[in-house]
Amino acid sequence: MSIFQKNKSRRIGLGRSVVRRIAVAICLVSLSVTGTTVLAADGEDEYVVIKAGRVITVSGEEFSPGTIVIENGKVSLVGGDLEYPASAKIIRAPKETVMPGLIHPQSRYGLSHYKRTGIHGDMNAASDVYPELIDFANLLEAGFTTVCYVPAGAGIPGVATTFRTAGTEDSRVFDEFTYLQVAPKWRGVGKKMLRDALKKAKEEIDKVEKAREEWEEKQKEKEKNTEDDAEDEVESEEDGDENDADTRRSSSKQVNPKSDDEDGEEESEPAKNGDKKSEEESDEFKPPKIEPKYQPLVDLIQKKEGARMMVSLGSAADLLHLDDVLKPYEEIQHVLKLNNRRTRTDFNYVVEKLGTRESMVVVAPTLNYLPQSTNRYNLPAALVDAGCRIVVTPNSDRRSDLIGFREQLMSLVRAGLVRDEAIKAITLNAAEAIGLGARLGSIEKDKDADLVFLDGDPLDPLAKVSRVMILGEIVWKADEK
Amino acid sequence: MTRIEPFQCVASNERERLRPSRFFRCPFAGYYLRRSIGIACICLVFLGSVNSVAGSGPSRGLDADEKKPSPVAKSDKESSEKKKDEDEKKKKEKEEDRYLAVIGGTVHTVTGSVHHGVTILTKNGKIVEIAEKVALPEGAETLDASGNHVYPGLVAVDSGGLLSGSSPGDSTNVYSLQMAIALAGGITTVASGNSAGKLTFGSVDDLVVKRDLFHKLSYDAASPKERYELRQKFEKVRQYIRELESYDEEKKLDPDAEEPDKEWLDGEYKKLLKLLRREVTASIAANSASEILAVCELATRYGFDLIVRGAVEGWTVAPQMARAGVSAIVSPRRRVRSDDRLNRPNGSTIENARIMHDHGVPIAIIPANTSITLWGLAGRDLLHLNMEAAFAVRGGLSDDAALRSITIDAARLLGIDHRVGSIEVGKDADFAITDGPILHYMTHTRWAVVNGRIAYDKQKDTLYNHIRPNGDMDAPPPDDYWPRSLGDSQ
């Protein structure tokens, strides 16, 4: 697991990106005055400039023609006509449309059909994935730059991992702990399983709490025993408080294996006041171990930052059952995956409910029928109208579904889905659904330069992906297939 | 199968809360109350008499319940339980009360009389008031049922494909077509597997009503060995109960008395023990006269509550069944050819339900097929529960008894008559609101209300909305006959 790079900037909030957006806008305004004077490059920074016929930024306005300046694999500027360093490598694409790379939020592309059932929060999809053994050509040809692999199976089969579809070995793994895959068998014992799993996770939390309380009591008793004079007493009390704080932090570290970036700081802290109480340090609070397979659920219940789950629903009734299970655990963050692949689904019954919650919903690009009817129902469009944010994911990992993905999406647009929402559904919303909204999904300053070049409009069924760029480098070209 | 009906617990509280509204309705009350406490007292007395007079009127058929001694805490245990209930209620109130008022229909209470143009007020899924004029709380949802008939939701004592088998609360598809069709048939409560549940279309709250309904036994004439073994088991359990009783007596005299061995008492034996202690009810399928007599004999010999499923030849042995105190689940349209070689009445008859009912056998009616299906049995599936009861009427059963057999009597068989089966204050707000008498072949369910929520609306659901819209019996059939768009009309 150590080969996976930890992703630190994942936790950048949305607020900051908004600030950035404003900053970009200010830059653009100021630069438009200066015109196209070419600046001198500074130092060793690597610049790539794309001069495209059209740039779809997704988050902001479209530029036609448009220029994207990429600095060290990240977008630094985007606009109509920009200045850029003289040393920059220029990619000319006057007839092409550039848009953010597509994101596949739930895939098993190129993996075996091995399935496991039950609760496996300790399992990670990354353990199945060997990127160098998978031919990503189909995904690249379809315009996907990011793919989120999920563990297969019913129940809680494990944690999903996000990969890039190309790039160097170091940059391949995007995010190891993307979300917890939850796919209960709703028509069978699924609800009971999920309820029991959450209950067990809650018990694990209580176990740690109880152990801490006991430890604190012990600590107090000790302090009482060792008190000699008034001065000492005051000091030791202070120590005790600090100690508590430390242990709280260290326990959270134990609870969340992801947060080890902060390890260094924490370990240094007890050392500062360690000389005073070398005695006490020996029996520092050690929280009881949480069963690893419930760890992701524990994180979810405690609302750890970055903890999220994606719950698969087979029919409308499953949402009610899910709500019933989650009721005691206030607002566990979750993304819903509606399995509307079969043409007849009854999700129409809960569209309004989802809309009032402004849920993030993952759907397949299927034009459904209403239950027991011959009436067409555009579920994605209905969800958008109701107030949801939607993510559209390919029907399957077959080549035909990947290559035909944009065409299927287009058919939804033709049937009433708002065009901009359709583009968002495969880029920005998808990125936000898997918690990578700060790094992917749109062409903005400081976002990764994972881009797709098309020889036409993305929703034109005849348009083909001509080039794919990952971190500022062209990794795939249509004519070199 | 007589049970005390403990439904007043919630009801009486509710009524006490709501009673002041009646004071203010009295034209004199407000006047006197403003005067002095003394006059107010007189006023109360006066009001009491007004109330009792009103009680004899048709709008207050439920006074009999009110006159019952209110089940105020008799012991500490009860009061603590009540406190708990109150606490829970307070919590619920905080969440937001949900009111639904069904206004102006002809209300068939089943256990009481029929009232015309009364209003039923329900709160959080329970009936809280039935009166001609009800002060509606703010934000109450109203349902204008004038011109329609309000029945308690029908109870199906068996079903398939509506609730999911082992754990209905966990995996039932509450948006299924079957559920909508069953609601369109006026059914709101069904037994499925060994639990009873509501057809809560669009909600999973309060779905399960009761678990472990019956202990199903097999007492098949074709396998005498099995019969013998079952009798032996009963014998053993009965012996154990006797030993236990004598042990209890002995213990009083001799503290070292030996407890009867109970290591063997598990699995099937444990269930039989429950049965003999009358904690559960047995259900045995028996159709021929000899089978019915055999199971009746078994029930009387060992003393347990029994429901006979089928009972096709029940009409030939109805007196014996009545004496044994068994109940029966029958399908009036079921056909079994009579055998002329037998020197006794045999085979099926449409009069079966009537004859058994006349002899005092409690009956519940269920169609031959208990699913929503058309597999060669068109019109004889669960969709036509009311029609099945109507066929019993054709065989001589009274309308009233036929209605009871698919409402309160069916609920009593399932042991859930304290919650469903009739329209009474304190019971669940489950109604089948129909555009005609429920046993009539033209009648459609206009609305089905389950737990105080409208679960089916004929005008909104496209199953039947084109047939006699708005209950207009003379409306011509729709001209866009086929192909028509089923499903949601949005």
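This is a predicted model: local features need pLDDT of at least 70, side-chain atom pairs count only at pLDDT 80 or more; totals for chains, interfaces and linings use all residues.

The crossing of the two helices is right-handed.

Which residues meet there? From α13(A), they are A:Leu409, A:Leu412 and A:Val413. From α14(A), they are A:Arg419, A:Ala422 and A:Ile426. By class, that contact has five nonpolar residues, one charged and no polar.

Next, a strand. β6 of chain A runs over residues 102-107. Buried or exposed? Mostly covered: six of its six residues are buried. Its partner here is β8 of chain A, residues 144-149. The two strands run parallel, and four bridges join them. One position to look at is A:Ser107, which stands opposite A:Tyr149 in β8(A).

Last, the contact between chains A and B. Chain A gives 20 residues and chain B gives 14. On the chain A side, which elements give two or more residues? They are α4, residues 190-226, and α9, residues 316-326. The largest share comes from α9(A), with five residues. By class, the chain A side divides into seven nonpolar, eight polar and five charged residues.

That's the tour. Over to you.

Technical notes:
Residues are numbered from 1 along each chain as its sequence is written. Chains are lettered from A and ligands numbered from 1 in the order in which they are written. A crossing is left-handed if the near helix is turned anticlockwise from the far one by less than a right angle, and right-handed if clockwise. Two residues are in contact if their C-beta atoms, placed from the backbone, lie within 7 Å. Ala, Val, Leu, Ile, Met, Phe, Trp, Tyr, Cys and Pro count as nonpolar, Asp, Glu, Lys and Arg as charged, and the others, Gly among them, as polar. A residue is buried if 20 or more other C-beta atoms lie within 10 Å of its own, exposed if 12 or fewer, and partly exposed in between; C-beta atoms are placed from the backbone. Two strands pair if DSSP finds at least two bridges between them.
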